[in-house]
Amino acid sequence: MRFLPWIFYALALAPMALAEPGMAPPTASSPLLKQGNARVVLVGDSITGQSRNHPAGYAYQIDWALQQAYPGCHPNVIALGGSGQGVQAWLNTEKRSRTEAFPLDVKGIEVKAALDQPADVLIVMLGMNDVLAPYVADEPASLEKWTANYRELVTALQSRLKPKVTAVATATLCTEDFRHSPKNAMMDQVNKRLIDLAAEMDLLVLPTNHTMRAVLERGRQLKPDFHVTHDYVHPNEAGHLAIAIGMLRGLGETTAAQALEEQRLAKIFAKATGPSAAASPRNVSPPAPWLVATGLFRKPWNEHSALNPALFRGPIEEAIEQGHDFLVAPDPATGQPLAWQPYSATVDYTGGANPDSVDFAAVTHARNFEAGYAARWIHSDGDRAVNIELGTQAFAGTMQVGLWLNGGALYSGLLTGEPGKRKTVPAQLHAGWNTLVFALNHTAWQMQCTVHLAGIGDDSLENLRYSIAPQKAGN
């Protein structure tokens, strides 16, 4: 294996290469992990759970790095990670663990016992689910409540663990587009609040968001579809290395962080060469972008989670089925049309660069019960039967999908309840232009759908043409 010079990685991961929102990443003035023998308690969500459950998880990376820096040491890094947990949920978990014994994601680690023993270092890394679900809205009052809950949680954990060092790690990337994604813009706000809280409480800040961004940016210079996550939220090996490096660097453990950079991250970068993976398995001209719109909110589930399909219908659905211009149909809440915009799939979002995929996280923070629409126009040289294959690569969320072709309703149902989260719908393209529209209604979490046209028999669909400009049927 060829290794590039250390200076290559020093530049890629230098502290000022990518600053956290509102700060330069801090570094402790001296090593804080007691020559690798500190008892470190990690408090977090599924990413912290995977620090032990993933074979290359960041807790394992920290163990290994400390052993390189301090041969013969015995790291004691305890991962208390709970899937789906945000700051408020962890407050409840901490309170419950005062009297009850229970595990979280990592088998064999019991929360009450872990929190009832003193720790040398406490590290809290929360915020991902608060943005992903989302539990926190892009509003000052919601952010202030989130900050107050974080303050209360840290105070409660400090009173139980009595740590010599308390650190908060910045929440990592939600989608891999850290420049334009509304989710990561929200993450920046959350992390800025966390940084301010750390200054108030005299906590150390560990720049894990910074190092993940830096690793992603360097990897993309080598390979256009380099990833630091395996599902646009949870880290892959490169992402876990980035987290471990950020934590070690923030704790002043420079030698251990360099061991990870030089010996493990170097191998990943050295392999990250070559073209991107194919965006689509089809041997046809790629479709045009989608025309998408979001911002409509509706709650067709009652308190018993029973679905009322009639509540998914509104002026936009009626315009689609009546052959009217649905692009100007009003949002019932505002009386104004939705703002439609072009959307092209990229490697930064769920569904990847597949041109048939739409991840609405690219255009909205996706608050609870938000709906989105996507449309494109398809030209066929003649009448032909096709299959429309619906699917989602989202790992969390409940999504109802409506599908129309030329105004005819082809499907309305819970896509996330279909076997394998997939559904194939037979359809008929007419000669000339055809209008394809889908609506995605979601409750929470992710908001992504793939709508793919598949030929029947020997029909490759290679002569189809696509447009995001409205076209008249039959032309």
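Predicted model: local features only at pLDDT ≥ 70, side-chain atom pairs only at ≥ 80, totals over all residues.

User: How many salt bridges does a search of the whole structure find?

Analyst: A salt bridge is counted where a side-chain nitrogen of Lys or Arg lies within 4 Å of a carboxyl oxygen of Asp or Glu. Applied to the whole structure, the search gives a total of 22.

User: Arg98 and Glu94 meet in a salt bridge; which of the two counts as buried?

Analyst: The side chains of Arg98 and Glu94 meet at 2.7 Å, N to O. Buried means under 20% relative accessible area. Arg98 has 46% relative accessibility and therefore counts as partly exposed. At 0% relative accessibility, the buried residue is Glu94.

User: Which residues are linked with Glu94 and Arg98 in a network of salt bridges?

Analyst: The salt bridge between Arg98 and Glu94 belongs to a network. Besides Glu94 and Arg98, the linked residues are Lys112, Asp116 and Arg160.

User: How many residues apart are Asp348 and Arg220, whose pair links distant parts of the chain?

Analyst: The side chains of Asp348 and Arg220 form a salt bridge of 2.7 Å, N to O. Asp348 lies in the loop between β7 (341-343) and β8, whereas Arg220 belongs to helix α9 (residues 208-222).

User: Is Arg220 buried or partly exposed?

Analyst: The cut-off for a buried residue is under 20% relative accessible area. Asp348, the salt-bridge partner of Arg220, is at 14% and so counts as buried. Arg220 has a relative accessible area of 22%, so this residue is partly exposed.

User: What is the N to O distance in the salt bridge between Asp225 and Lys223?

Analyst: Asp225 is buried because its relative accessible area is 12%. Its side chain meets that of Lys223 in a salt bridge, and the N to O distance is 3.8 Å.

User: Which residue in β15 is the bridge partner of Leu390?

Analyst: Strand β10 (residues 384-391) and strand β15 (residues 448-455) run antiparallel and are joined by six bridges. For Leu390, the bridge partner in β15 is Val451.

User: Trp146 and Tyr150 form an aromatic pair; is it stacked or edge-to-face?

Analyst: Both residues lie in helix α7 (residues 140-161), four residues apart, about one turn of the helix. Trp146 is buried at 5% relative accessibility, and Tyr150 is buried at 0%. The ring centres are 5.2 Å apart and the planes are at 70 degrees; planes over 60 degrees apart count as edge-to-face.

User: Why do Trp290 and Phe438 tie together parts that are 148 residues apart in sequence, and in which strands do they lie?

Analyst: The ring centres of Trp290 and Phe438 are 5.3 Å apart with planes at 80 degrees, so this pair is edge-to-face. Both residues are buried. The pair ties together parts 148 residues apart because Trp290 and Phe438 lie, respectively, in strand β6 and strand β14 (residues 432-442).

User: Which residue lies over the face of Trp290?

Analyst: Trp290 also takes part in the edge-to-face pair with Phe438. At 3.8 Å from the ring centre of Trp290, the residue over its face is Arg376.

User: Over the ring of which residue does the charged end of Arg96 sit?

Analyst: A charge counts as sitting over a ring only within 6 Å of the ring centre and within 35 degrees of the ring normal. The charged end of Arg96 is 3.7 Å from the centre of the ring in question, which belongs to Phe102.

Methods
Residues numbered from 1 in each chain as written. Heavy atoms only, no water. Pairing = 2+ DSSP bridges. Helix = DSSP H or I, 4+ residues; strand = E, 2+ residues; numbered from the N terminus. Buried < 20%, exposed > 50% of the residue type's maximum accessible area, 1.4 Å probe, protein only. Phe/Tyr/Trp six-rings, centres within 6.5 Å; stacked < 30°, edge-to-face > 60°.
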